[in-house]
Amino acid sequence: MNKQELAAQIWKGANEMRGKIEAGNYKDFILGLLFYKFLSENEVKYLKENLGASKEDLAAEDVKTYLIDNLGYYIPEENLFSSMMGKDKGMNIGSLSAALSNFNLVTLENPLFSNIFRSLNAGLMSLGENDATRSQMIVKLARLIDNIPMKNARGGYDVLGFIYEYLIGQFASSAGKKAGEFYTPHEVSELMAEIVAYSLKDRERISVYDPTSGSGSLLITIGKAIEKQGKSTDSIRYFAQEIIEATYNLTRMNLVMRGIIRDNISTSNNDTLRTDWPRNTLKDEPLLVDAVVSKPPYSLKWNPDGMAVDPRFQNYGLAPKSAADFAFLLHDLYHLKYDGILTIVLPHGVLFRGGEEERIRKQLLKLNQIDAVIGLPPNIFFGTGISTVIMVLKKSREQKDVLFIDASKGFEKVTAKNKLRARDIRKAVEVWKDRKELEGFSRRVSFEEIENNGFNLNIPRYIASSEEERSDLYSLIYSGIPKEEIDALQPFWNVFEGLKEKLFDQRKDGYFVLKENAQEILENFSAIIEFKKKVHESFEAFFPFLKQKLIAERQKISQSLAFESIASEILGQAEKLPLIDKYEAFELFSQHWTEITNDMEALSSQEGSEVFGEEQRQGKPDERNNPELGKEEITSYGEASFQLGAFVRTFIQERYFPTKLEELSSAERNAELAKEELKELYGEIPEDFEFDSAIDQEKEVFIPKEIKALSKAIAKDEKAGLTLSESQEFVKKVASRISTVDKTRKEAKKIYEELDGETSKKQQSLTEEEFEEILTNKWINPLVKSWEKMGDDLVFNFSEKLSTLQAEHSSSFIALEEEIKKTSDELSSLLSELQADEIQSEALKTLQELIKE
């Protein structure tokens, strides 16, 4: 089971109990228990690795002191998650409450852990009316997470940490309007993180601050993005401030579970606007950081009274009482180093609202501190459908313009929300990096132009929509495709030279008509054939590189570095191909990457150690399967490949046992057919059927046990020469069908077991080359094929575009008017032939005149 499946299973199980738990506390219970499990397992692991001790040694006072000094907390042996779960009836209200109280007491002086379980402990009383019912609920909740492994064998993947963040996202998506208080969608966090990571890529040590940290997911994503630059996360110092205590606890838990060094985490549970933090206490001055990232609550009402002298807002002004958006921005900017970077998510209104906000915006522009404005799709955040933007700011900039990026149209719809795709994020980040101008997407705008627009930063003022519909009155009246529509396809005419002249006839009035055999022309046009071939060959040549990175180096390179290495290569490769959208090629890779990383993690999980580790490489094939060797010495290439799921077994069966696989398919088809034929008999039951006990009317099925017993009795009657009733004859027929079902099922089961045994045997003896063939077929071949198909898809979409153009411009008002006249004349003629009395004839005459008009 991969990480997504495991997390989804836990969410499903927890969700079944949701109605029994106070909605406001539900999140605290699940995430709090998950965190307590992490702390327990982390303590035991740390004890073993650093002191060579076990959990039985936790009672020693020197061990307790050592753990408090080095981990920042201490959990006695009897309070460990595993110890409480190991009791006769499992964890209960008394043991859990005592454990949480003890933890809070031990860590009272440690700001990272102080009172971190206070809200969880206080909420335990809401789990039921008495201790017995509360304990039942605690046992159910604890069992959901009891079997989650903390880390994989290679230590590079934190299972608990992933599940924790997954659950936070799930809570956010189902929490309605309050979700925005504690969670920023991962895709938005990733876009901000990539910008920050690139900006700071040359720094050895980095400090990052989120003044409205929520669950801490934005800070976590920043760390991952910096890690992709080849840096250790130990080089990052995190600062987080959050006003709501329960949400503040989420921040601390999330950061700790990511394995971040304790000294690299600084947190504060305060009102950001009222309590200026972080501060350098030694010098009593504000602490400045390399990057500030935030998504403050949108247009929060605040009280600016007395804040005019606050150094954070001096020289800029105070945000209005009705919207603290710019107050948060100025706070963020205040704590930014001179060469740092700030990214902040704000409602779209901050770009153009007047009054105090306009004055602040004007000052930021005059000081040249606004670097970029990135418009996001609507309905992308939980709890609100309003349009939002990411503003990028710096205190010191070389450029004198502002880069506008309209990323509002690139997304996919997931249920009721819009979601940025990997390609949308990559495109926006690369355009920001290069300050590239793309028609309808991005544009650099000078200070003078912005000044002329009254310091209004509304994106549509500077980037015209590329989706504006063209209208041509002449074409509407006389039909024909306008030249402008043909010219809009110029990139295709540049690549497929001479195709335009082959496809269209140009009328005397300058308008175009698509030829009837256009499809045939497209299929046989040499430049198109050559284009498809070039796309195929280009991506096919990428095969050896992928095999090297994904298979040969899969143990030597981190997943994040492998991803970036392949992504850069594929973007560069796709950019060389005309017409091909390099971001579409990147999207295809990104989609496959999820499956690849799931498999990599499964291969190195606790359940199956890495197949081709150094110890296993040393054994020869015949030694690996020698029954005389001790169990500990036998290593199998097939053992961990089970973790790749059904694909490995399917591949082995298709590759080595195709005949047996076909036998199984045939047997399963026969069994299914027999089952359907039995089911059909239910509709043929005689009206006066005598044996109701043989039928389950609710499920509309026969009861095999009863049918078989009746069949034996009927056989005796038949042997005695008795005449059988209609019901008895029907039972005989049903019994025969049931016998066929049993026979075909047994046959299918027998073949399945034979094939399963042969598959397992082969799986245990797979060579490295054979296993790499499996990975190649699963990871690389589908990816290369999806890339190769891009050329075919592009030509198909081009063909569809041409057909649509012709359809849109094939009819005209004149032709329509002629058709109406013809129909009117025909109707008038028919009316003339009708026979009627004097009064009705007068009415028909009037109707004819109306039709002619």
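Predicted model: local features only at pLDDT ≥ 70, side-chain atom pairs only at ≥ 80, totals over all residues.
Helix α11 supplies the largest share of the lining of the largest cavity, with 4 residues.

**The cavity**

- How many cavities of 30 Å³ or more are there? The count comes to 1.
- The volume of the largest cavity is about 50 Å³.
- Sorted by class, the lining of the largest cavity has 6 nonpolar, 3 polar and 1 charged residues.

**Helices α30 and α31**

- Helix α30 covers residues 704-719 and helix α31 covers residues 726-764; their axes lie 9 Å apart and the packing angle is about 125°.
- The crossing of α30 and α31 is left-handed.
- On the α30 side, the residues that meet α31 are Pro704, Ile707, Lys708, Leu710, Ser711, Ile714, Asp717 and Glu718. Their partners in α31 are Gln728, Val731, Lys732, Val734, Ala735, Ile738 and Asp742.
- The contact of α30 with α31 is made up of 8 nonpolar, 2 polar and 5 charged residues.

**Helices α29 and α31**

- Helix α31 also packs with helix α29 (residues 658-681): the two axes come within 8 Å and cross at roughly 160°.
- Are α29 and α31 roughly parallel or roughly antiparallel to each other? Angles over 145 degrees count as roughly antiparallel, and α29 and α31 are therefore roughly antiparallel.
- The crossing of α29 and α31 is left-handed.
- In the contact of α29 with α31 you will find 15 nonpolar, 3 polar and 10 charged residues.

**Helices α12 and α13**

- Helix α12 (residues 325-334) and helix α13 (residues 356-366) have axes that come within 10 Å and cross at roughly 30°.
- Angles under 35 degrees count as roughly parallel, so α12 is roughly parallel to α13.
- Where α12 passes α13, the crossing is left-handed.
- Helix α12 brings Asp325, Phe326, Leu329, Leu330 and Leu333 to this contact, and α13 brings Glu357, Ile360, Arg361 and Leu364.
- The contact of α12 with α13 has 6 nonpolar and 3 charged residues, and no polar ones.

**Backbone details in the loops**

- Which residues does a cis peptide bond join? The bond links Trp277 and Pro278, with omega about 10°.
- Pro278 sits in the loop between β3 (265-268) and β4 (279-280).
- Asn115 has a phi near 55°, a positive value in a residue other than glycine. You can find Asn115 in the loop between α5 (93-106) and α6.
- Ser299 has a positive phi too, near 45°, and this residue is again not a glycine. Look for Ser299 in the loop between β6 (289-294) and α12.

Definitions and conventions: Residues numbered from 1 in each chain as written. Heavy atoms only, no water. Axes fitted to C-alpha atoms, helices over the stretch in contact; angles between N-to-C directions. Helix = DSSP H or I, 4+ residues; strand = E, 2+ residues; numbered from the N terminus. Left-handed = near helix turned anticlockwise from the far one by under 90°. Contact = heavy atoms within 4.5 Å. Nonpolar A, V, L, I, M, F, W, Y, C, P; charged D, E, K, R; others polar. 1 Å grid on protein atoms, 1.4 Å probe; cavity = no way out; pocket = protein on both sides within 12 Å on 5 of 7 lines; lining within 4 Å. Points joined across faces, edges and corners; volume = space filled by probe spheres on them. Parallel < 35°, antiparallel > 145°, perpendicular 65-115°, else oblique.
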